[in-house]
Amino acid sequence: MDGACHSVFISHSSDDNTFVDRLAGSLRAAGIFVWVDETAIGAGDDIISRIEDGLGKATDVVIVLSPQSIKSSWVKEEIHAAQWRAIRGKARLIPLLCGYLRTADIPLLLQSRLYVDFRTRFHLLLVSLLAVLGISMDVARPVGFCGFEGRPRRALRQVDLTRRGRPDS
C-alpha cells in the first residue's frame, strides 16, 4: 500500500487518553493521518457531525478495547458504524486490546476479529500495527494529506508494536 492515503479513526474511552495519545502520536510520526476526538472536535463543533465526518473519511478504524471503552455508549455507537463500513468494504476495522479483558467481555461481533494486543511491548506492537496498515517504518510522509480538516498535532518521540492473539477466556 505504499503511496496510499492512510487515515485512522481511533475509537476509545476518554479514560484511555494517555495510551491513545501515545498511539496517535506514533502513528502520526509514521505519516498516517489520525482522527482522535480530542484534537478533531473543537469548541462549538457539532460532536455527532464531526464523528460522522471522521468515520466517513477513515480508511481504517482502530477500536481501543479496554474495561472502560466496552462500557462507553459512544464507543458502542462508533463500533456499530465501523462494522457497517467494514461490511460494505469502506474501511477496515482493527480491534486493539488495551487493558485486561476476558474474551466474554469483548463485544460479540468483534470476538471473531484478530486483534493487536497492546498490553505489553508497545514498540514491537506498533510495528505490527503499521504492517497491518501497509506502512513500513522507513516510509515518511506528511501528515494531514487525506482531505481531513485538522488541528495541530504533537508527535510522540517513541514508536512501539507485534503480538497478536486471543485473550484468555
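Which helix do Asp-53 and Lys-57 both lie in, and how many residues apart are they? Here are my notes, point by point.

1. First, a reminder that this is a predicted model. On the opening question, Asp-53 and Lys-57 both belong to helix H3, which covers residues 47-57. They sit four residues apart, and that is about one turn of the helix. Their side chains meet in a salt bridge, with 3.4 Å from N to O. Asp-53 is partly exposed at 27% relative accessibility, and Lys-57 is partly exposed too, at 33%.

2. How many salt bridges does the structure hold? There are three. Another one links Arg-50 to Asp-45, where the closest N and O atoms are 3.7 Å apart. Have a look at how the two partners sit: Arg-50 is buried, with a relative accessible area of 13%, while Asp-45 is partly exposed, at 27%. Arg-50 counts as buried because its value falls under the 20% cut-off.

3. Now find Asp-60 and Arg-92. The closest N and O atoms of this salt bridge are 2.6 Å apart. Asp-60 is in strand E3 (residues 60-65) and Arg-92 is in strand E4 (residues 92-97), so the pair ties together parts that are 32 residues apart in sequence.

4. Is Gln-83 buried or exposed? Gln-83 counts as buried, at 10% relative accessibility. You'll find Gln-83 in helix H4, residues 73-87. Leaving aside residues up to four places away in sequence, Gln-83 touches Leu-93, Leu-109 and Leu-110.

5. In soluble globular proteins, nonpolar side chains tend to be buried together. The largest core here has 25 residues, and among those with the most contacts inside it are Ile-10, Phe-19, Leu-96 and Phe-118. Two or more residues each come from strand E1 (7-11), helix H1 (17-29), E3, E4 and helix H5 (122-132). Apart from this core lies another one, of 22 residues, including Phe-9, Ala-58, Ala-86 and Leu-97.

6. What does Ile-10 touch, not counting residues up to four places away in sequence? Its contacts are Val-20, Leu-23, Ala-24, Leu-27, Val-34, Trp-35, Val-36, Val-62 and Val-64. Two of these names, Leu-23 and Leu-27, also turn up among the residues with the most contacts inside the largest core.

Methods. Residues numbered from 1 in each chain as written. Predicted model: local features only at pLDDT ≥ 70, side-chain atom pairs only at ≥ 80, totals over all residues. Heavy atoms only, no water. Salt bridge = Lys/Arg side-chain N within 4 Å of Asp/Glu carboxyl O. Buried < 20%, exposed > 50% of the residue type's maximum accessible area, 1.4 Å probe, protein only. Contact = heavy atoms within 4.5 Å. Core = buried A, V, L, I, M, F, W, Y, C linked by side-chain atoms within 4.5 Å.
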